Amino acid sequence: MKYAITGVDGQLSGKITALMFDEVDADQLILITPFPERIPKENIAAWESAGAVVRKADYSNPDELAKALQGADAGFMVSAMTVGEVRQQQHRNAVDAFKNAGVGRIVYSSGFKADEEVPASVVIVDHHATELYIKQSGLSWNVFRDNLYLENYLYAFAQIALDEGTWRTCAGDTPAYLVAKDDCAAAGAQLLLGHGERNQGYNITGSEAVSVRQLCELVSKHAGIDIVYDSMTEEELYSYYDSLHVPRQATGDFSQSPYLWCSDDIVTNEAAIRDAFLDNKSDDVELLTGRVARTAADLIEGAARSWNLNKA
């Protein structure tokens, strides 16, 4: 049995790769990246010396990707970074490549509630379309639908709030079952290994509901710095991100942006929290991995070690 993992230069696929090395022999792994230069050379050398195959391929080139996938029986398809029709086309290319390469089973990292007819945020529109395309492909499939990552709040958003003394959002005080990226990776690895029911989606959430205000208070407490929580309107939040040079669309200029995400992505996700689209709990992490999903309290110490408090 051979397993392909796409996007191994990224965080989620990188975590799944590490887990798969613990689960199967290295010569069963085909590791695919569009950017091998982003991976430390010693990592690639270690993977290859252990017996894994590392191949370069991109979702924008389905023929190249199909060639890279040759020999795989099952594969993990990580979602692309760009939001919108560009990403939807990349995902269609990837699914076609999996099919043309003869990969029998695909596991896709989707978004929470992407199976619903009315997606809650910009990013979920893409996941919804991709899930439909996968289901129509004839491939055996699983999707795991991650809620928003706790790490985005405890690392990236926290750092800007610490720098500025203010946490700006439109999420209000509504709680959501945000999830740790490690739990998403663990669930994805189990599905790639063949656990779970075929042709079924799994909802990957945290085990504890937490509001963005509570996360702000948690960061403030651990940093020992007062942070003002400012929940504003969506248009006010767009204007704030405009001031940080965050582009509104994923095709914009990110050269001065502190984030890799466009503000359409950020603002609609925050609004989805506010409007209680993300407040449903699932036990699928425990079902797939045998452990309870982590909480913000479990992650805060690690996050705190990453903060730069020089500006605060």
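The buried residues of helix α9 are covered by elements that include α6 (150–164), β7 (166–169) and α10 (263–274). This is a predicted model. Helix α9 itself spans residues 234–243, and its buried residues are L237, Y238, Y240 and Y241. Seen down the axis of α9, these residues fall within an arc of 160°, so they line one face of the helix. Just after α9, H245 takes a positive phi of about 70°.

**The sheet**

Seven strands form an open sheet with parallel pairing. Their order is β3-β2-β1-β4-β5-β6-β8. At the edges lie β3 (53–56) and β8 (200–204), each pairing on one side only. From one strand to the next, the twist averages 20°.

| Strand pair | Bridges | Facing residues |
|---|---|---|
| β1 and β2 | three bridges | A4 and I30 |
| β1 and β4 | three bridges | I5 and F76 |
| β4 and β5 | four bridges | A74 and R105 |

Strand β1 covers residues 3–5 and β2 covers residues 29–33. Strand β4 is joined to β1 and also to β5.

**Helices on the sheet**

Helix α1 (residues 11–23) packs on the sheet. It touches β1, β2, β4 (74–77), β5 (105–111) and β6 (140–146). The direction of α1 makes about 155° with that of β1.

Helix α4 (residues 85–100) also packs on the sheet, touching β4 and β5. Its direction makes about 175° with that of β4. Together, β4, α4 and β5 make a right-handed β-α-β unit.

**A glutamine in α4**

Is Q88 buried or exposed? Q88, found in helix α4, has a relative accessible area of 13%. The cut-off for buried is under 20%, so Q88 counts as buried. Leaving aside its neighbours within four places in sequence, Q88 is in contact with V125, D126 and A129.

**Nonpolar cores**

The largest nonpolar core has 57 residues. Which members touch the most others? They are L12, I16, M20, L69, F76, F144 and I204. Helix α7 (residues 181–192) supplies the largest share of this core, six residues.

I16 shows how such a member is surrounded. Beyond its neighbours within four places in sequence, I16 is in contact with I5, F76, F144, A185, G188, A189 and L192.

A second, separate core holds 44 residues. Among them are L148, V212, A223 and L244.

Terms used
Residues are numbered from 1 along each chain as its sequence is written. This is a predicted model: local features need pLDDT of at least 70, side-chain atom pairs count only at pLDDT 80 or more; totals for chains, interfaces and linings use all residues. Side-chain values use heavy atoms; hydrogens and water are left out. Buried means under 20% relative accessible area, exposed over 50%, partly exposed in between (1.4 Å probe, protein chains only). Helices (H or I, at least four residues) and strands (E, at least two) are DSSP runs, numbered from the N terminus. The arc is that of the directions from the helix axis to the C-beta atoms. Contact means heavy atoms within 4.5 Å. Two strands pair if DSSP finds at least two bridges between them. Axes are lines fitted to C-alpha atoms, for helices over the stretch in contact, and angles run from 0 to 180 degrees between N-to-C directions. A nonpolar core is a set of buried Ala, Val, Leu, Ile, Met, Phe, Trp, Tyr and Cys residues joined through side-chain atoms within 4.5 Å. A crossover is right-handed if, with the strands pointing away from the viewer, the path from the first strand over the helix to the second runs clockwise.
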